[in-house]
Protein chains: 2
Amino acid sequence: MAHTQSQVGKAGYHHGDLEAALLAQARIFVAEQGADKVSMREVAASLGVSPSAVYHHFSDRIALLSAVGRIVFDDIADFQESALLAHPGKSLAAASARLRTLGLAYVEFAQANPHLFRLCFGPLCVDPVAAADMEGALRKENRAWNLLVTGLDELAAAGGVDPKIRPNAEIMVWSAIHGVATLILDGLLPPDAVYPLLDTVSISLMGQVKKTAAPPSKLLPQLTSDEVDYDRDDRRDREIAADKPPHHG
Amino acid sequence: MAHTQSQVGKAGYHHGDLEAALLAQARIFVAEQGADKVSMREVAASLGVSPSAVYHHFSDRIALLSAVGRIVFDDIADFQESALLAHPGKSLAAASARLRTLGLAYVEFAQANPHLFRLCFGPLCVDPVAAADMEGALRKENRAWNLLVTGLDELAAAGGVDPKIRPNAEIMVWSAIHGVATLILDGLLPPDAVYPLLDTVSISLMGQVKKTAAPPSKLLPQLTSDEVDYDRDDRRDREIAADKPPHHG
DNA sequence: CAGGTATCTGAACAATGCTCAGATTATGCG
DNA sequence: CGCATAATCTGAGCATTGTTCAGATACCTG
């Protein structure tokens, strides 16, 4: 809006699009070290830029990190949507598979990018300080929530939801999915607890379901600082694509 | 163990039981400001003690905070157990009420002490660094988990658990409970989402259940720095007791 | 009382978040 | 094109933090 700057890579004094570069680099550092261990100075230095330059684009450390959080929040939904494409159709089986995929993608994203996931739901993106920025994006435009709602609607339309459960099914399903994700990240549940959970949720919703024992679904690769570039969308596409073999270290 | 010092309040040079005092004060600061905003120096200063004194009892900032986290972890289970006493007996109704109470207490604790709750499940108590200390206490001796398992066992013994659900019911119930708790703290679900969640979980387990619309259960009071003392157990008892009128601000 | 040990102090170091005056570049207007 | 204005970045600097270490102080055992 403010800067009509064309999409330059980088220059000598003026960087070109420092804001995007800061977001990209901050995201990488968060993914690698966790949000608390990310310092403004390090981000600035890694881009060959003075520490104070950062403050012309982000008022705060919190502002920078919560901006990253907003992006990641979107990436989760993007990843869910892309995973959803594998199961089109209106049949009950398709609707059921879609709902399951929705939850699985959510948890897989969390496992592949634990620090990024934690950033989204940590105090940095939730604090009263940053709440003014986030709340709109979180409560109303929460795409993950909307995906879940439509997923349940479609399953119900296919006759796959017990009417006794239906009214508040969204709350239970999202809570359960989000719960396993965080409990797995915290080491309180083993990583493969997702599958029994998904099975149990499916049974709760549909009555009975055939056990799907731990399919070898590909995990998202963890982003490292080797692959640094300043185009956020390109990087995101690369990260989101679950085509690469999982090298989660 | 190491110090045979009797339970003195405080003295001039030697503090008496600085370790307990540090834990108590750190816990208060965490509860008030959140774990990230707690500084060693501030904790030391508030006890009239040199900053470096802290490092004779806790090697790290992380060590101090994760010690607080371990205490809080125990407090959650204590609170759950105390809430459980209201529903004794082997009847199906009693077992059902106990399980519901278990979940409600968990979420109420989180709502009343959001920062303490986040500390327990944050990176400070979960990081590979502190994982060596915590993992035993978390995975094996996780009292909240054991309470849930026996609660489900008792409900099943009373014939209140659908056998299709039973095998992995613990995973689903804990995930759902932990999920609502964190989602409520993050502002992604309204505070009263607990009740529909508990209802829906009950229906999943038992088939049908009478709607219990948002009972006015008393919330835990938030601890402030006005009530500072060095006896952890006393303070904990005071905080845990849900007898006082809720003044959640 | 003496000596050893646990405990605490005080000063110091490096790193961090953040501010501000000023240098440097881009941009829009004549 | 030339110039003024705004945007962007630098460099030095301040306050605070986590952490370390030599040394002072108090307790405890013998």
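Modeller: Let's start with α9(A), where the buried residues are A:Val194, A:Tyr195, A:Pro196, A:Leu197, A:Leu198, A:Asp199, A:Thr200, A:Val201, A:Ser202, A:Ile203, A:Ser204 and A:Leu205. Bear in mind that this is a predicted model.

Biologist: OK, how many of the residues of α9(A) are buried?

Modeller: 12 of 13, so this helix is mostly covered.

Biologist: What do those buried residues of α9(A) pack against?

Modeller: Within chain A, they pack against α4 (92-112), α7 (143-157) and α8. From chain B, α8 (169-185) and α9 (194-206) join in.

Biologist: And how far does α9(A) reach from its first C-alpha to its last?

Modeller: α9(A) reaches 18 Å, close to the 18 Å expected at 1.5 Å a residue.

Biologist: What comes just after α9(A)?

Modeller: A:Gly207, which takes a positive phi of about 100°.

Biologist: Let's zoom out. How many helices and strands are there in chain A?

Modeller: There are 10 helices and 0 strands. Going along the sequence, the pattern is α-α-α-α-α-α-α-α-α-α.

Biologist: What share of chain A counts as buried?

Modeller: 45% of its 249 residues. As for contacts in chain A between residues at least 6 apart in sequence, 69% of them link residues at least 24 apart.

Biologist: Back to chain B. How many residues of chain A are in contact with it?

Modeller: 38 residues of chain A, and they meet 38 residues of chain B. On the chain A side, the elements giving two or more residues are α5 (114-121), α6 (128-140), α8 (169-185) and α9 (194-206).

Biologist: Which element gives the most to that side of chain A?

Modeller: α8(A) does, with 11 residues.

Biologist: Now for confidence. What does chain A average in pLDDT?

Modeller: Chain A averages 81, and 72% of the residues score at least 70.

Biologist: Where does pLDDT stay under 50 in chain A?

Modeller: One stretch is residues 128-134, for which the model has 12 contacts beyond four places in sequence. Residues 216-249 also stay under 50, and there the model has 50 such contacts.

Definitions and conventions. Residues are numbered from 1 along each chain as its sequence is written. Chains are lettered from A and ligands numbered from 1 in the order in which they are written. This is a predicted model: local features need pLDDT of at least 70, side-chain atom pairs count only at pLDDT 80 or more; totals for chains, interfaces and linings use all residues. Two residues are in contact if their C-beta atoms, placed from the backbone, lie within 7 Å. Helices (H or I, at least four residues) and strands (E, at least two) are DSSP runs, numbered from the N terminus. A residue is buried if 20 or more other C-beta atoms lie within 10 Å of its own, exposed if 12 or fewer, and partly exposed in between; C-beta atoms are placed from the backbone. pLDDT is the predictor's confidence in each residue, from 0 to 100. The expected span of a helix is 1.5 Å times one less than its number of residues.
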